[in-house]
Amino acid sequence: VQLQAYGGGLVQAGGSLRLSCAASGRTSSIYTMGWFRQAPGKEREFVAAFAWNGAGTRYADSVKGRFTISRDSAKNTVYLQMNSLKTEDTAVYYCAAGQIMATIQALYKYWGRGTLVTVSS
């Protein structure tokens with residue numbers, strides 16, 4: 001499974017941005033796709049996850065109500081719509097795919113390259 005994340009950029013606080021993650025290869029082995037992020041000087045943390053069959057979603061408390069994860073099954077693509085962005089959302093965002101719904105990065109088998117999101121004040 002290969003994952004390609006894109007959509008990062010520079011946005012002002014309060015603005016919106018949508019990240020995309022396209023999956024290719026053996027996508028039938030995927031049950032969950034998720035987003036993680038790593039801010040400068042910090043460890044990578046969970047942001048959101050989406051069960052591939054639409055069974056459920058999970059969000060980190062810090063993004064609930066502001067971020068929405070969704071999927072376009074025809075394109076094998078997962079999106080992360082980020083609204084009301086804050087400066088503390090600045091990070092490199094990574095998409096990941098795994099076989100169980102989880103918030104723990106070690107449980108995700110496949111990872112894409114990160115895409116940088118910078119939120120300015």
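Arg18 stands opposite Gln81 of strand E8. This pairing comes from a predicted model. Strand E8 covers residues 77-82 and is joined to E3 by six bridges. The two strands, E3 and E8, pair in the antiparallel sense.

E3 also pairs with E1. Strand E1 spans residues 2-6, and strand E3 spans residues 17-24. Five bridges link E1 and E3, again with an antiparallel course. Gln2 has Ser24 of E3 as its bridge partner. In a regular strand, side chains alternate between the two faces of the sheet.

The fold as a whole is built from strands. Eleven strands and zero helices are assigned to the chain. From the N terminus on, the order of elements is β-β-β-β-β-β-β-β-β-β-β. The radius of gyration is 13 Å, close to the 14 Å that the globule rule gives for 121 residues, so the chain is as compact as a globular protein of that length. Along the principal axes, the C-alpha atoms fill a box of roughly 40 × 30 × 25 Å.

Among contacts with a separation of 6 or more, 56% are between residues 24 or more positions apart. Of the 121 residues in the chain, 45% are buried.

The surface was considered next. The chain carries 13 positive and 6 negative charges. The mean positions of the positive and negative charges lie 9 Å apart.

Notes. Residues numbered from 1 in each chain as written. Predicted model: local features only at pLDDT ≥ 70, side-chain atom pairs only at ≥ 80, totals over all residues. Heavy atoms only, no water. Helix = DSSP H or I, 4+ residues; strand = E, 2+ residues; numbered from the N terminus. Rg over C-alpha atoms; globule rule 2.2 N^0.38 Å. Buried < 20%, exposed > 50% of the residue type's maximum accessible area, 1.4 Å probe, protein only. Contact = heavy atoms within 4.5 Å. Lys, Arg positive; Asp, Glu negative; His and termini not counted. Charge placed at Lys NZ, Arg CZ, Asp CG, Glu CD. Pairing = 2+ DSSP bridges.
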